[in-house]
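Please look over the sequence and the model below before reading on. The paragraphs that follow take the parts in turn.

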Amino acid sequence: MENMALQNAIAGIGLTIIENRSRANVDEEMREDGMPYCKKCNEPLLLKLEFAEGMAERLGKTRYVPRNCACMRVMLAEESAQYEAQKRREEVERGSEIASYSYREQTFSKDDGRAPKIKRMCLKYVEKSAEMADGNFGLAFVGENESGKTFWASCLANALMEKGETVMMIPLKQLIDRMNKNFGEYREETLRKVRSVGFLILDDYGAERETDFSLENAFEIIDARYCAKKPMIITTNLTEDALRNPSDIKLKRSYSRIVEMCPAIVKVEGFERRKEIAEAKKKALAEFLRG
Ligand SMILES: [Zn+2]
(Lines give C-alpha, C1' and ligand atoms only; values in the text may rest on other atoms or scores of the structure.)
Protein backbone atom coordinates (compact mmCIF):
# COMPACT_ATOMS: atom_id res chain seq x y z
CA MET A 1 0.00 0.00 0.00
CA GLU A 2 2.79 2.34 1.01
CA ASN A 3 4.60 1.41 -2.17
CA MET A 4 1.53 2.34 -4.20
CA ALA A 5 1.30 5.76 -2.57
CA LEU A 6 4.93 6.48 -3.40
CA GLN A 7 4.42 5.33 -6.99
CA ASN A 8 1.39 7.60 -7.28
CA ALA A 9 3.25 10.59 -5.86
CA ILE A 10 6.07 10.17 -8.36
CA ALA A 11 3.56 9.79 -11.19
CA GLY A 12 1.73 12.95 -10.03
CA ILE A 13 4.89 15.06 -10.04
CA GLY A 14 5.73 13.64 -13.45
CA LEU A 15 2.34 14.64 -14.84
CA THR A 16 2.70 18.21 -13.56
CA ILE A 17 6.10 18.50 -15.21
CA ILE A 18 4.75 17.14 -18.49
CA GLU A 19 1.99 19.74 -18.27
CA ASN A 20 4.64 22.48 -17.71
CA ARG A 21 6.45 21.17 -20.75
CA SER A 22 3.44 21.67 -22.97
CA ARG A 23 2.60 25.10 -21.52
CA ALA A 24 6.16 26.28 -22.12
CA ASN A 25 5.92 24.94 -25.72
CA VAL A 26 9.10 22.96 -25.29
CA ASP A 27 10.32 21.52 -28.56
CA GLU A 28 12.03 18.21 -27.83
CA GLU A 29 14.30 15.89 -29.77
CA MET A 30 15.81 12.51 -29.02
CA ARG A 31 19.61 12.50 -28.97
CA GLU A 32 22.20 9.76 -29.29
CA ASP A 33 22.19 8.90 -25.59
CA GLY A 34 18.55 7.90 -25.93
CA MET A 35 17.30 10.87 -23.84
CA PRO A 36 14.89 13.58 -24.96
CA TYR A 37 16.38 17.10 -24.90
CA CYS A 38 14.91 20.60 -25.13
CA LYS A 39 15.98 22.04 -28.49
CA LYS A 40 16.12 25.55 -27.06
CA CYS A 41 18.11 25.25 -23.83
CA ASN A 42 19.70 21.86 -24.57
CA GLU A 43 18.82 20.45 -21.17
CA PRO A 44 17.64 16.82 -20.85
CA LEU A 45 13.91 16.44 -20.19
CA LEU A 46 14.29 13.28 -18.14
CA LEU A 47 16.19 12.64 -14.98
CA LYS A 48 17.74 9.23 -14.37
CA LEU A 49 17.19 8.06 -10.81
CA GLU A 50 19.18 5.18 -9.39
CA PHE A 51 18.01 3.63 -6.19
CA ALA A 52 19.99 1.79 -3.56
CA GLU A 53 18.88 -1.60 -2.33
CA GLY A 54 15.94 -0.92 -0.02
CA MET A 55 14.31 1.52 -2.41
CA ALA A 56 15.27 -0.49 -5.49
CA GLU A 57 13.02 -3.31 -4.33
CA ARG A 58 10.08 -0.99 -4.23
CA LEU A 59 10.76 1.28 -7.20
CA GLY A 60 13.12 -0.63 -9.44
CA LYS A 61 16.84 -0.05 -9.74
CA THR A 62 16.73 2.78 -12.22
CA ARG A 63 13.89 4.99 -13.20
CA TYR A 64 13.44 7.94 -15.56
CA VAL A 65 11.27 10.80 -14.36
CA PRO A 66 10.38 14.04 -16.18
CA ARG A 67 12.29 17.17 -15.16
CA ASN A 68 11.87 20.91 -15.78
CA CYS A 69 14.33 22.35 -18.28
CA ALA A 70 15.61 25.96 -18.02
CA CYS A 71 12.77 27.24 -20.26
CA MET A 72 10.18 25.66 -17.96
CA ARG A 73 11.88 26.98 -14.83
CA VAL A 74 11.85 30.51 -16.29
CA MET A 75 8.14 30.16 -17.13
CA LEU A 76 7.33 28.92 -13.61
CA ALA A 77 9.27 31.78 -12.00
CA GLU A 78 7.44 34.33 -14.17
CA GLU A 79 4.08 32.79 -13.34
CA SER A 80 4.80 32.82 -9.66
CA ALA A 81 5.99 36.47 -9.79
CA GLN A 82 2.81 37.44 -11.65
CA TYR A 83 0.69 35.61 -9.13
CA GLU A 84 2.44 37.31 -6.20
CA ALA A 85 2.09 40.75 -7.84
CA GLN A 86 -1.62 40.17 -8.46
CA LYS A 87 -2.10 39.02 -4.87
CA ARG A 88 -0.31 42.14 -3.62
CA ARG A 89 -2.44 44.42 -5.85
CA GLU A 90 -5.58 42.85 -4.43
CA GLU A 91 -4.32 43.30 -0.87
CA VAL A 92 -3.52 46.97 -1.58
CA GLU A 93 -7.00 47.51 -3.06
CA ARG A 94 -8.66 45.84 -0.07
CA GLY A 95 -6.62 47.89 2.40
CA SER A 96 -7.08 51.20 0.55
CA GLU A 97 -9.89 53.64 -0.08
CA ILE A 98 -9.84 56.33 -2.74
CA ALA A 99 -13.06 58.17 -2.07
CA SER A 100 -13.76 59.57 -5.50
CA TYR A 101 -13.27 58.60 -9.09
CA SER A 102 -11.75 62.00 -9.86
CA TYR A 103 -8.88 61.19 -7.48
CA ARG A 104 -8.33 57.89 -9.26
CA GLU A 105 -7.98 59.62 -12.60
CA GLN A 106 -5.11 61.92 -11.61
CA THR A 107 -1.68 60.49 -12.31
CA PHE A 108 1.76 61.97 -12.95
CA SER A 109 1.32 61.20 -16.64
CA LYS A 110 -1.42 63.86 -16.75
CA ASP A 111 0.89 66.57 -15.40
CA ASP A 112 1.13 69.55 -17.78
CA GLY A 113 4.59 70.52 -16.55
CA ARG A 114 3.37 73.58 -14.68
CA ALA A 115 5.16 72.80 -11.45
CA PRO A 116 8.29 70.71 -12.08
CA LYS A 117 9.65 71.25 -8.56
CA ILE A 118 6.48 69.91 -6.94
CA LYS A 119 6.41 66.97 -9.32
CA ARG A 120 10.02 66.12 -8.52
CA MET A 121 9.30 66.28 -4.82
CA CYS A 122 6.22 64.05 -5.14
CA LEU A 123 8.16 61.48 -7.16
CA LYS A 124 10.90 61.43 -4.53
CA TYR A 125 8.27 60.97 -1.83
CA VAL A 126 6.92 57.91 -3.63
CA GLU A 127 10.41 56.57 -4.27
CA LYS A 128 11.22 56.84 -0.56
CA SER A 129 7.78 55.77 0.65
CA ALA A 130 9.19 53.25 3.13
CA GLU A 131 11.40 55.91 4.74
CA MET A 132 8.49 58.37 4.73
CA ALA A 133 6.31 55.82 6.52
CA ASP A 134 9.07 54.93 9.00
CA GLY A 135 9.82 58.55 9.74
CA ASN A 136 6.11 59.41 9.96
CA PHE A 137 6.75 62.17 7.41
CA GLY A 138 3.71 63.95 6.01
CA LEU A 139 3.06 66.79 3.59
CA ALA A 140 0.68 69.73 3.46
CA PHE A 141 -0.26 71.10 0.04
CA VAL A 142 -1.43 74.68 0.57
CA GLY A 143 -2.86 76.99 -2.05
CA GLU A 144 -5.99 78.59 -3.41
CA ASN A 145 -8.91 76.77 -5.00
CA GLU A 146 -8.11 75.18 -8.36
CA SER A 147 -4.39 75.60 -7.77
CA GLY A 148 -3.75 71.88 -8.26
CA LYS A 149 -3.29 70.78 -4.63
CA THR A 150 -5.74 67.93 -5.03
CA PHE A 151 -4.14 66.98 -8.34
CA TRP A 152 -0.75 66.44 -6.67
CA ALA A 153 -2.22 64.65 -3.68
CA SER A 154 -4.15 62.33 -6.05
CA CYS A 155 -1.01 61.64 -8.08
CA LEU A 156 0.71 60.66 -4.84
CA ALA A 157 -2.19 58.44 -3.78
CA ASN A 158 -2.21 56.51 -7.05
CA ALA A 159 1.56 56.21 -7.33
CA LEU A 160 1.84 55.02 -3.71
CA MET A 161 -0.77 52.33 -4.37
CA GLU A 162 0.98 51.34 -7.56
CA LYS A 163 4.07 50.82 -5.42
CA GLY A 164 2.17 48.54 -3.05
CA GLU A 165 1.31 50.97 -0.23
CA THR A 166 -2.18 51.19 1.21
CA VAL A 167 -3.77 54.65 0.93
CA MET A 168 -6.92 56.33 2.15
CA MET A 169 -7.74 59.56 0.32
CA ILE A 170 -10.95 61.33 1.26
CA PRO A 171 -12.28 64.86 1.82
CA LEU A 172 -12.09 65.58 5.54
CA LYS A 173 -15.72 66.64 5.55
CA GLN A 174 -16.81 63.27 4.15
CA LEU A 175 -14.78 61.46 6.80
CA ILE A 176 -16.44 63.48 9.56
CA ASP A 177 -19.88 62.75 8.08
CA ARG A 178 -19.11 59.04 8.02
CA MET A 179 -17.99 59.06 11.66
CA ASN A 180 -21.33 60.49 12.69
CA LYS A 181 -23.64 58.65 10.33
CA ASN A 182 -26.37 56.59 12.03
CA PHE A 183 -25.55 57.95 15.46
CA GLY A 184 -21.90 57.01 15.18
CA GLU A 185 -22.43 53.44 14.01
CA TYR A 186 -19.28 53.58 11.83
CA ARG A 187 -17.22 55.74 14.15
CA GLU A 188 -14.90 53.07 15.54
CA GLU A 189 -14.49 51.33 12.20
CA THR A 190 -13.66 54.65 10.53
CA LEU A 191 -11.10 55.60 13.16
CA ARG A 192 -9.57 52.13 12.96
CA LYS A 193 -8.99 52.69 9.24
CA VAL A 194 -7.58 56.17 9.92
CA ARG A 195 -5.08 54.60 12.30
CA SER A 196 -4.13 51.57 10.22
CA VAL A 197 -3.82 52.68 6.59
CA GLY A 198 -0.26 53.19 5.27
CA PHE A 199 -0.83 56.74 4.01
CA LEU A 200 -3.78 58.95 4.98
CA ILE A 201 -4.62 61.82 2.64
CA LEU A 202 -7.19 64.35 3.88
CA ASP A 203 -8.43 66.49 1.04
CA ASP A 204 -9.71 70.00 1.58
CA TYR A 205 -8.84 70.39 5.23
CA GLY A 206 -10.51 73.52 6.64
CA ALA A 207 -13.36 73.48 4.13
CA GLU A 208 -15.72 72.00 6.74
CA ARG A 209 -17.75 74.51 8.73
CA GLU A 210 -15.91 75.65 11.81
CA THR A 211 -18.46 74.58 14.35
CA ASP A 212 -17.28 73.19 17.67
CA PHE A 213 -18.68 69.87 16.52
CA SER A 214 -16.65 69.65 13.33
CA LEU A 215 -13.52 71.05 15.00
CA GLU A 216 -13.80 68.36 17.65
CA ASN A 217 -14.23 65.64 15.03
CA ALA A 218 -11.39 66.92 12.87
CA PHE A 219 -9.13 66.90 15.91
CA GLU A 220 -10.17 63.36 16.79
CA ILE A 221 -9.18 62.16 13.30
CA ILE A 222 -5.87 63.99 13.31
CA ASP A 223 -5.10 62.86 16.84
CA ALA A 224 -5.88 59.21 16.00
CA ARG A 225 -3.40 59.44 13.15
CA TYR A 226 -0.87 61.27 15.31
CA CYS A 227 -0.99 58.57 17.97
CA ALA A 228 -0.63 55.85 15.32
CA LYS A 229 2.65 57.56 14.27
CA LYS A 230 1.87 57.23 10.57
CA PRO A 231 2.17 59.80 7.80
CA MET A 232 -0.65 62.18 6.96
CA ILE A 233 -0.93 64.31 3.85
CA ILE A 234 -3.40 67.17 3.64
CA THR A 235 -4.55 69.69 1.07
CA THR A 236 -5.90 72.97 2.35
CA ASN A 237 -6.86 76.50 1.35
CA LEU A 238 -5.27 77.73 4.56
CA THR A 239 -1.97 79.52 4.22
CA GLU A 240 1.19 78.37 5.93
CA ASP A 241 1.01 81.44 8.11
CA ALA A 242 -2.56 80.66 9.16
CA LEU A 243 -1.53 77.09 10.06
CA ARG A 244 1.42 78.28 12.12
CA ASN A 245 -0.42 81.16 13.80
CA PRO A 246 -4.09 80.27 14.17
CA SER A 247 -6.36 83.24 14.77
CA ASP A 248 -8.61 81.28 17.09
CA ILE A 249 -7.40 79.34 20.10
CA LYS A 250 -9.93 76.61 19.25
CA LEU A 251 -8.04 75.88 16.02
CA LYS A 252 -4.67 75.67 17.67
CA ARG A 253 -4.87 72.02 18.77
CA SER A 254 -5.41 70.68 15.26
CA TYR A 255 -3.15 73.16 13.50
CA SER A 256 -0.16 72.52 15.73
CA ARG A 257 -0.56 68.76 15.17
CA ILE A 258 -0.68 69.34 11.40
CA VAL A 259 2.44 71.49 11.43
CA GLU A 260 4.21 68.79 13.42
CA MET A 261 2.97 65.91 11.25
CA CYS A 262 3.55 67.67 7.93
CA PRO A 263 7.05 69.12 8.12
CA ALA A 264 6.98 69.88 4.40
CA ILE A 265 4.45 72.59 3.61
CA VAL A 266 4.21 72.84 -0.16
CA LYS A 267 2.77 75.97 -1.70
CA VAL A 268 0.92 75.20 -4.93
CA GLU A 269 0.47 78.22 -7.15
CA GLY A 270 -1.25 76.89 -10.21
CA PHE A 271 -3.82 79.66 -10.12
CA GLU A 272 -1.24 82.41 -10.18
CA ARG A 273 0.65 80.64 -12.91
CA ARG A 274 -2.45 80.29 -15.07
CA LYS A 275 -3.09 83.98 -14.63
CA GLU A 276 0.49 84.68 -15.70
CA ILE A 277 0.11 82.53 -18.81
CA ALA A 278 -3.18 84.29 -19.68
CA GLU A 279 -1.52 87.67 -19.27
CA ALA A 280 1.49 86.68 -21.36
CA LYS A 281 -0.88 85.49 -24.08
CA LYS A 282 -2.77 88.82 -24.04
CA LYS A 283 0.48 90.72 -24.26
CA ALA A 284 1.62 88.62 -27.22
CA LEU A 285 -1.71 89.23 -28.97
CA ALA A 286 -1.48 92.97 -28.37
CA GLU A 287 2.00 92.99 -29.85
CA PHE A 288 0.81 90.96 -32.81
CA LEU A 289 -1.98 93.44 -33.51
CA ARG A 290 0.36 96.39 -33.27
CA GLY A 291 2.39 94.63 -35.94
ZN1 LIG B 1 14.35 24.27 -22.43
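Which residue in β7 does I98 stand opposite? The model is a predicted one, and in it I98 stands opposite M169. This pair belongs to the contact between β5 and β7, two strands that run parallel and are joined by two bridges.

From here the whole sheet can be followed. It is an open sheet of six strands with parallel pairing, and their order is β5-β7-β8-β9-β6-β10. The edges are formed by β5 (97-98) and β10 (264-267), each of which pairs on one side only. Strands of a sheet pair through backbone hydrogen bonds, either parallel or antiparallel.

Strand β7 also pairs with β8, again in parallel, and here five bridges join the two. Within this pairing, P171 is found opposite D203 of β8. Of the five residues of β7, four are buried, so the strand is largely enclosed by the rest of the structure. Buried here means under 20% relative accessible area.

Another pairing in the sheet is that of β6 (residues 139-142) with β9 (residues 232-236), parallel and built from four bridges. Here V142 has T236 of β9 opposite.

Two helices can now be placed against these strands. Helix α8 (residues 172-180) packs on the sheet and touches β5, β7 and β8. The direction of α8 makes about 95° with that of β7. Helix α7 (residues 149-162) lies across β5, β6, β7 (167-171), β8 (199-205) and β9. Relative to β7, α7 runs at about 155°.

The next part to look at is the metal site. A zinc ion is coordinated by the SG atoms of C38, C41, C69 and C71, at 2.3 to 2.4 Å. The angles among the four donor atoms are 105 to 115°, and the site is tetrahedral. For four tetrahedral donors the ideal angle at a metal is 109.5 degrees. Along the chain, the donors of the zinc ion have the spacing C-x2-C-x27-C-x1-C.

What does the pair C41 and C69 tie together? C41 lies in the loop between β2 (36-38) and β3 (46-50), while C69 lies in the loop between β4 (62-66) and α3 (70-95), so the pair ties together parts that are 28 residues apart in sequence.

Is C69 buried or exposed? C69 counts as buried because its relative accessibility is 0%. C41 has a relative accessibility of 23% and therefore counts as partly exposed.

Key. Residues are numbered from 1 along each chain as its sequence is written. This is a predicted model: local features need pLDDT of at least 70, side-chain atom pairs count only at pLDDT 80 or more; totals for chains, interfaces and linings use all residues. Side-chain values use heavy atoms; hydrogens and water are left out. Two strands pair if DSSP finds at least two bridges between them. Contact means heavy atoms within 4.5 Å. Axes are lines fitted to C-alpha atoms, for helices over the stretch in contact, and angles run from 0 to 180 degrees between N-to-C directions. Buried means under 20% relative accessible area, exposed over 50%, partly exposed in between (1.4 Å probe, protein chains only). Donors are N, O and S atoms within 2.8 Å of the metal (3.2 Å for Na, K and Ca); water is not among the atoms, so sites may look incomplete. Four donors count as tetrahedral if all angles lie between 85 and 135 degrees; four count as square planar and six as octahedral if opposite donors are over 155 degrees apart and all others between 65 and 115; anything else is irregular.
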